[in-house]
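Okay, everyone, thanks for coming. Let me put the model up and walk you through a couple of spots I picked out.

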Amino acid sequence: MLTLISLVNLNIYSQNENKLKAGVNNLLRYGNGKETSSGLSYNKEYFEDLTDVKISTKDLSAGFRFEMNKPSELGRDFKGISKRYVEFTNHDNFDIRAGSFWEIIGRGLTLNSFEQRQLAFDTGLDGIRIIFKSALNKNKSIRFKSEIIGGYLEYSDYLKPERIEKYDLKDANLELTFFSLLDFGFNYVYAKGKIPSGIYETDINAHLPEIYFSFNTSKFQLFSSYAHKRTEISANDLFPVSFTSMGDGLYSSVNYSIKNIGISLEYKNYRFDLTTPDNQSTERPTKALPFQNPPAAVKQQTTVLTSRVPHPTDFNDEVGFQLDVFYMPGEDLSISLNGSIASRHYSFYDADTSSIVRFSTNKRNLNFLPSLKNDFSPYSEISIESEYYYSDKLSGKLGFYYQHSITYNDFFKDSPDKKHYITMPIEARYNLNNKISLKLHVESQWAYNSLREAKYQNFSNYFTSFFITRSPDLAFSISGEYTTDKLELSGKNAWLEAEASWNINSSNIITIAFGSERGGLRCTSGICRYINPFNGFRLTIQNIF
Amino acid sequence: MKYLLNIIIIISSFSLISNSKSISQTYIDFTANDLEGNEIILSSLLKNGPVMIAFWRTWCPSCNEEQKAMNELYSKYKPSGFQYLGINVDNQKSVSKVRAYVSAHNFTFTVILDTDKKIFEMSGGTDDIMPYSLILSKTGDIIHTRIGFKSGDENEIENEIKKILNLN
């Protein structure tokens, strides 16, 4: 590690003499304490250091990432160079990159590889990417962009890190733009994959063509994308006969904005692997592939308690809408409204009169719309948030969230899992002077879970945090949480944590936290994982140069 | 405790780098489209004066606080030649909300979409760091880098703007 840091130093110092440009950023995370999983508490210590180094000249750049995750907090342990690349660009119409990269095409229905370190999720590719763009006429009103990708992806299942899916992926993309108003895109992904399911490994060939278009004016935008998925499954011990599976997905969004109001409506219809409940599995080789990651079209939760009960989008079988409205009636007041609704496409029935369960689909004509009936496992959410600046010193936020979900049990039809949550966050901020600010954030949540014994069905959660910051260098916060939930997995009902951060300067920050964290489900960009409760010490150091 | 040595080495090495005043990083040029489809070329903007580049997301509370504060500072120092680019790095999946958000909040500065995060990555940004901003001198040198934003930081940013515009 010392050698690496010294090399980094040399690169930095050499940039003036050689007219090289260098950039380094480092993230160090250390934690030591106790983690609770399945009701058991055990010692947990992690040390993760990630250094990204980049060196570039005018047209050429190269970089690498050194990682030392030993032991890792989430995911696999690793020590060494995890990413490296070299890239040439003429900053005009040509770009070629060899090595590690992430990519998104359109809205990600067929290709959206990305990294989400907080969830130990990474679908980065290792290979080559070539981009060429140009105008088709003299006044550049008609332009095109073409892209070719060939790469290898090794995806460590973020829920079971030892389970590795391997893909050899090729992609060709063409985008045409007319008068900066209309865009048309065509994409084709071909992937050969090896997908483990228990002790078996299944070879697949996936073909994913996609077409998308957008219409853009300053006030109105429309985007729509359709992707088809054809997966050929090779015969093996798990699947004695080879077969082909078909699926598709549609995403559309409409935005309209005038001076102080903005409206956005999204529609999703994902059917990448429609199947009956007895066939569903996260290890199914016909499922939506890890490099496919379309828009979740549900609210990105920003409060502590609502983000614990997110809706995990099912890209294999989900249809729904999301509406967002931003309104600023005056300079001091802003109001944000959000509503979303989603469900699976069909309900199912047991078609076998014997004791064997064999599901069949209840066909319906309106399968392009979500249903709120129990047997469609619906999710709905509505929220309103308002922020008001009373004066230069005093401001506040108020919110109301209602989240409702039903997880239907096709095997035991009388016991759907109904949950709803009402959450009210309130926040007040006060600037004592132009350096010191105070913030009080309080959240109350009332929850209901139908599957529990009657006396445990209703419970509430309360979260309070108090922040004091001194610009530009110090921040301190203390957070407390309390639940009346007698069935809380960690066996606790109260958590308390203190955090302090010091900005050595504007690009170097040290943060120390000590106390207990409740854990729970955490989702970002449609990717969700359960984070275990933790009690102990955490250190984070961020540096950018 | 076995990690203590590693932590100390890393802190010391980076402190050494950060304290070095001899470092003068230069920004790499880029071309991107703003929300109206106009081509924005960084090198062309720099010809008119210093540029502050700030990366933000619609659902990041500190980013929103920074954007509001910067909207005011931009209006105040625009006549003196200060330029500000808000580069949105929302995932391409939520980009449909950006235009509505910008319009509703009456942001007057230029907003660029960097959905594939190429500009963000080129600028040394990572997902663990948000908001993230840089102030570039007219010659393209990075004279100020900032991770995060808290109330009152706008004063420090304003001082940097005044310094680079020679308004002190």
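Buried here is under 20% relative accessible area, exposed is over 50%, and partly exposed is in between, with a 1.4 Å probe and protein chains only. This is a predicted model, so local features need pLDDT of at least 70 and side-chain atom pairs count only at 80 or more, while totals for chains, interfaces and linings use all residues. Residues are numbered from 1 along each chain as its sequence is written, chains are lettered from A and ligands numbered from 1 in the order written, and side-chain values use heavy atoms, without hydrogens or water.

Helices (H or I, at least four residues) and strands (E, at least two) are DSSP runs, numbered from the N terminus.

Now, which cysteines pair up? B:C60 and B:C63 form a disulfide, sulfurs 2.2 Å apart; the cut-off is a pair of cysteine sulfur atoms within 2.5 Å. The structure holds one disulfide over all chains. The B:C60 and B:C63 link is right-handed, with 80 degrees about the S-S bond, and both cysteines are buried.

Last stop, chain A: A:L398 is in strand β21, and A:L398 is partly exposed, at 48% relative accessible area.
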